[in-house]
Amino acid sequence: MEFLIGEPLALDLVNTRAQDFDVLDTPEGFANWIDRQAGRLAAVEGPFAAEELGAVRELRAHVEAAVDAVRRGEGPSGEAVGAINDAMRAAPAYGHLDVTDAGPAKGTRRDGDRLARLLAQLAEAAADLLTDPAASRIRACEGPRCRMIFLPAHPRRRWCSPELCGNRVRVARHYQRHKPA
């Protein structure tokens, strides 16, 4: 199972659905995605049940719709904005002072159950992305049959991954140049 990791968290969420599979189809697939997001999400207890994944899929659909609108130079729909705001509101973040062996440390906690806390983090990542001026540069991969999206660090980037789609395109071009007549 190949999925794109390392883009802004909201884009990684959208990219959980590829041409041939959906990471959110199974609790194991989603647990793998959560593990690969280590350090980007506050502690997420798992595993998530199949019915809980429906809520993540629903939020993903709203985030994807909002990102697509921004890519087209439009504002996100009221429905998408409302769903993202509802997810953030369901597990509000608050500052918290902890005392550790190294001394006092300020951290952030969230109210709500584990699913609400996860959805709030994903929604907050979407809000951060959608309000970033760089969001207008989000692009779709030019690889055949690829539906991944990415935020290019370089304006000439064309593929979600040079190792995946980039290599496939280069191999196809090579074949076209060298195929028998």
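Helices α4 and α5 cross in a left-handed way. This is a predicted model, so every value here is computed from predicted coordinates. Two packed helices are described by the angle between their axes and the distance between the axes. For α4 and α5 (residues 114–130), the angle is about 130 degrees and the axes lie 7 Å apart. An angle over 145 degrees would count as roughly antiparallel, and 65 to 115 as roughly perpendicular.

Sorted by class, the contact of α4 with α5 has 11 nonpolar residues, no polar ones and 1 charged residue.

Now turn to α3. Helix α3 (residues 50–71) meets helix α4 (residues 78–90), with axes that come within 9 Å and cross at roughly 130 degrees. That makes α3 oblique to α4. The crossing of α3 and α4 is left-handed. On the α3 side, the contact uses Leu 59, His 62, Val 63 and Ala 66. On the α4 side, it uses Glu 79, Ala 80, Ala 83, Ile 84 and Ala 87. By class, the contact of α3 with α4 holds 7 nonpolar, 1 polar and 1 charged residues. Look again at Ile 84 and Ala 87.

Next come the strands. How do β1 and β2 run, parallel or antiparallel? Strand β1 (residues 93–100) and strand β2 (residues 103–110) run antiparallel, joined by 8 bridges. A hairpin of 2 residues links β1 to β2. One of the bridges pairs Thr 100 with Gly 103 in β2. In a regular strand the side chains alternate between the two faces of the sheet.

Last, the aromatic rings. How many aromatic pairs does the whole structure hold? The search finds 2. One of them is formed by Phe 30 and Trp 33. A pair of aromatic rings is described by the distance of the centres and the angle of the planes. For Phe 30 and Trp 33, the centres are 5.8 Å apart, with 15 degrees between the planes. Planes under 30 degrees apart count as stacked, and this pair is stacked. Both residues sit in helix α2 (residues 27–36). Phe 30 and Trp 33 are 3 residues apart, about one turn of the helix.

Key. Residues numbered from 1 in each chain as written. Predicted model: local features only at pLDDT ≥ 70, side-chain atom pairs only at ≥ 80, totals over all residues. Heavy atoms only, no water. Axes fitted to C-alpha atoms, helices over the stretch in contact; angles between N-to-C directions. Helix = DSSP H or I, 4+ residues; strand = E, 2+ residues; numbered from the N terminus. Parallel < 35°, antiparallel > 145°, perpendicular 65-115°, else oblique. Left-handed = near helix turned anticlockwise from the far one by under 90°. Contact = heavy atoms within 4.5 Å. Nonpolar A, V, L, I, M, F, W, Y, C, P; charged D, E, K, R; others polar. Pairing = 2+ DSSP bridges. Phe/Tyr/Trp six-rings, centres within 6.5 Å; stacked < 30°, edge-to-face > 60°.
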